[in-house]
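This report examines selected side chains and their surroundings. Please view the sequence and the structure before reading on.

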Amino acid sequence: MIFDVLSLFPEMIENYCSYSIIKRAVQAGIITVNALNPRDFTLDKHKKVDDTPYGGGAGMVLMVQPYVDAYESIKRIENSVTIMLSPQGEPLNDNIVNELTQYEQIVMLCGHYEGFDERIREIIKPREISLGDFVLTGGELPALCLIDAVSRKLDGTLGKIESADEDSFSNGLIEYPHYTKPREFRGLRVPDVLLNGNHKEINEFRLQKSIERTKIKRPDLYKKWLKNSD
């Protein structure tokens, strides 16, 4: 999987990808992360990439020329998708993450300020994705969330592929509680069922806890799970 990220702060992308599981995925050749700065493509000698909006209003708007030229400089393969990180986009969820793993290349555009000149959308025609109904100062955090979420679904990124299969949302439910040593801490004990070695009973316990948690914490998901279970 290749991730190409257009960002005014490529160091943010590069730094995150130099740690922990994502770093190991890069080193193993499972993913490649390229961060490209639109400032390197501006025709302005001061590396300007934003300007005041036509029609007036607060803030600055990202200019069409640097972003389109930077985007068109990327060598895109046939099985690729382009994503604009934007609060106007569809909310990112596990279904979308699974869908994105089917591509070999994901190109992402990170916005800033008041957003993109609309002609960037018209020329590039990206798919727009959001982290939710709130606004961030830039698209780097959503881009990193997407890189992380997609990468951990790829074979070889995690120590065991089952780790991703058992995550929250993978079966429509929130993940069950986990425990490790010690067996008791301040009067709180690890449930006995997890210590008896009976995998059938352990799986049943974990499923029941996932159902209970989902019902309490995410009743919307619980209702959907009940409907799909009928």
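Which side chain does a polar contact of 2.6 Å join to that of Ser7? The partner is the side chain of Glu140; a polar contact is a pair of N or O atoms within 3.5 Å, where within protein one must be able to donate a hydrogen and the other to accept it, and residues adjacent in sequence count only if both atoms are side-chain atoms.

This is a predicted model, in which local features need pLDDT of at least 70 and side-chain atom pairs pLDDT 80 or more, while totals for chains, interfaces and linings use all residues. Residues are numbered from 1 along each chain as its sequence is written, and side-chain values use heavy atoms, without hydrogens and water.

Ser7 lies in the loop between strand S1 (2–6) and helix H1 (10–16); helices (H or I, at least four residues) and strands (E, at least two) are DSSP runs numbered from the N terminus.

The table lists buried residues (under 20% relative accessible area; exposed is over 50%, partly exposed in between; 1.4 Å probe, protein chains only).

| Residue | Relative accessible area |
|---|---|
| Ser7 | 0% |
| Tyr67 | 0% |
| Phe116 | 10% |
| Cys17 | 8% |
| Cys110 | 0% |

The count of disulfides (cysteine sulfur atoms within 2.5 Å) is zero. Cys17 is in no disulfide, and its nearest cysteine sulfur, that of Cys110, is 11 Å away.
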